[in-house]
Amino acid sequence: MSAATTRSRTPDRLCAEAVDLALSAAEEAAAPGVVGEHAGLISEGDRVVTHFFECKEFGYRGWRWAVTVARASRAKLVTLDEVVLLPGPDALQAPEWVPWSERLRPGDLGPGDLLPTDAEDLRLEPGYTGEDEPLPNSVLVTRSASVELAADLADAEDADITPGSPADFTVVPARGSIAAVAEELGMRRARVLSRYGLHTAADRWEDAYGSNTPMAQAAPATCVSCGFLVAIGGSLGQAFGVCTNEFAPADGRVVSLAYGCGGHSEAAVMPTPPVPPPPVIDETKVDPFPLRPAADSGSVPSTEGDESTAELGHS
């Protein structure tokens, strides 16, 4: 190890003793009462020392005021170099910045938000071939926009969306072009799902409502035999459908055909309650009802002396 290296790691004595100078410089740069006790020093080089002071500012836990002082060669006067607020080893700091395209999560897109897709998105592939440039009626291309502008708009960080409705900027494809033929055949999508996009969607739906979920493991039957399942088109329809049972946990969601729940249409068919026969009424017969009870209907035989009470009868 050279002598110069040894000197650079050993703090200069005069610079190390300039604590009061460093403290006054930190208090001048900071707000009153936010500079704390001296928290150590380090040697930055020959006759260059940085003093650290605790920061009492709210929200800056673990931060330190760093005051660097220096001294010229063979001089006894220590001068101020810089004052800065730096995070310490256990400082509370903001998380590392992440691009919005990596922070975006399902459900973050709200009304009025625009989410440009990358021109090289692996989830998409050309809906038809024959032209390298985007469709003339693409949302990202206007009458005055060029292919270079469309590529810039597809950039995730520098996307500039032209104000107004996309219908105001569309251009009818040239007659005889592949775009015109595709539009006439109903193939108006410039890009469709690639195999990678299909697989990622299938994996995502399988994880949410697939055969390995606890609900499916305890289900009496699978969705493939459920009457509430609505089939979907395309290749994904071979493994997925849409649940329409309002009482099911996956109502309105895309579910795997191997998924299942307790709301299966054939899981428990309610038996039909018995219906009693209608009452039989004979409307041709008249049942007489006397106004007074018979004389011999009571429990006590009647006598001739009971004429006064005969109207009341006997019990």
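## Cysteines

Cys-15 is buried, with a relative accessible area of 0%. In this predicted model, Cys-55 is likewise classed as buried, its relative accessible area being 12%. Both values fall in the buried class because that class covers anything under 20% relative accessible area. The structure contains zero disulfides.

On one pairing, strand 1 (residues 35-45) is joined to strand 2 by six bridges in an antiparallel arrangement. Within that pairing, Leu-41 has His-51 of strand 2 as its bridge partner. The hairpin formed by strand 1 and strand 2 has two residues between the strands, and Arg-47 adopts a positive phi near 60° there.

Strand 2 also pairs with strand 3 (residues 63-71), again antiparallel, through seven bridges. Here the bridge partner of Phe-52 is Ala-66 in strand 3.

## Aromatic pairs

A pair of aromatic rings is described by two quantities, the distance of the centres and the angle of the planes. Across the whole structure, three aromatic pairs are found. One of them joins Tyr-60 and Trp-63 in an edge-to-face geometry, with 5.4 Å from centre to centre and 85° between the planes. The two residues fall into separate accessibility classes: Tyr-60 is partly exposed at a relative accessible area of 34%, whereas Trp-63 is buried at 18%.

Tyr-209 and Tyr-259 form another pair, with ring centres 5.6 Å apart and planes at 85°, so this pair is also edge-to-face. It links distant parts of the chain, as Tyr-209 belongs to the loop between helix 7 and helix 8 while Tyr-259 belongs to the segment after strand 9, 50 residues apart. Both Tyr-209 and Tyr-259 are buried.

## The loop around Thr-213

Thr-213 is located in the loop between helix 7 (195-208) and helix 8 (214-217). With a relative accessibility of 10%, Thr-213 counts as buried. A polar atom of the Thr-213 side chain lies 2.9 Å from the backbone oxygen of Gly-210.

When neighbours within four places in sequence are set aside, Thr-213 is in contact with Asp-207, Ala-208 and Tyr-259. Tyr-259 is thus a contact of Thr-213 as well as the ring partner of Tyr-209.

## Strands 7 to 9

Strand 7 (residues 229-231) and strand 8 (residues 240-243) run antiparallel and are joined by three bridges. Strand 8 pairs in the antiparallel sense with strand 9 (residues 254-256) as well, over three bridges.

Gly-241 takes part on both sides of strand 8: Ala-231 stands opposite Gly-241, and Gly-241 in turn stands opposite Val-255 in strand 9.

## Pro-126

Pro-126 is found in strand 5 (residues 124-126). Its relative accessible area of 53% places Pro-126 in the exposed class, because exposed means over 50%.

Not counting residues up to four places away in sequence, Pro-126 touches Ala-190, Arg-191 and Val-192. The C-alpha atoms of Pro-126 and Leu-193 are separated by 8.5 Å, although these residues are 67 residues apart along the chain.

Notes. Residues are numbered from 1 along each chain as its sequence is written. This is a predicted model: local features need pLDDT of at least 70, side-chain atom pairs count only at pLDDT 80 or more; totals for chains, interfaces and linings use all residues. Side-chain values use heavy atoms; hydrogens and water are left out. Two strands pair if DSSP finds at least two bridges between them. Helices (H or I, at least four residues) and strands (E, at least two) are DSSP runs, numbered from the N terminus. Buried means under 20% relative accessible area, exposed over 50%, partly exposed in between (1.4 Å probe, protein chains only). A polar contact is a pair of N or O atoms within 3.5 Å; within protein, one must be able to donate a hydrogen and the other to accept it, and residues adjacent in sequence count only if both atoms are side-chain atoms. Contact means heavy atoms within 4.5 Å. Rings of Phe, Tyr and Trp (its six-membered ring) pair if their centres lie within 6.5 Å; planes under 30 degrees apart count as stacked, over 60 as edge-to-face and the rest as tilted. A disulfide is a pair of cysteine sulfur atoms within 2.5 Å.
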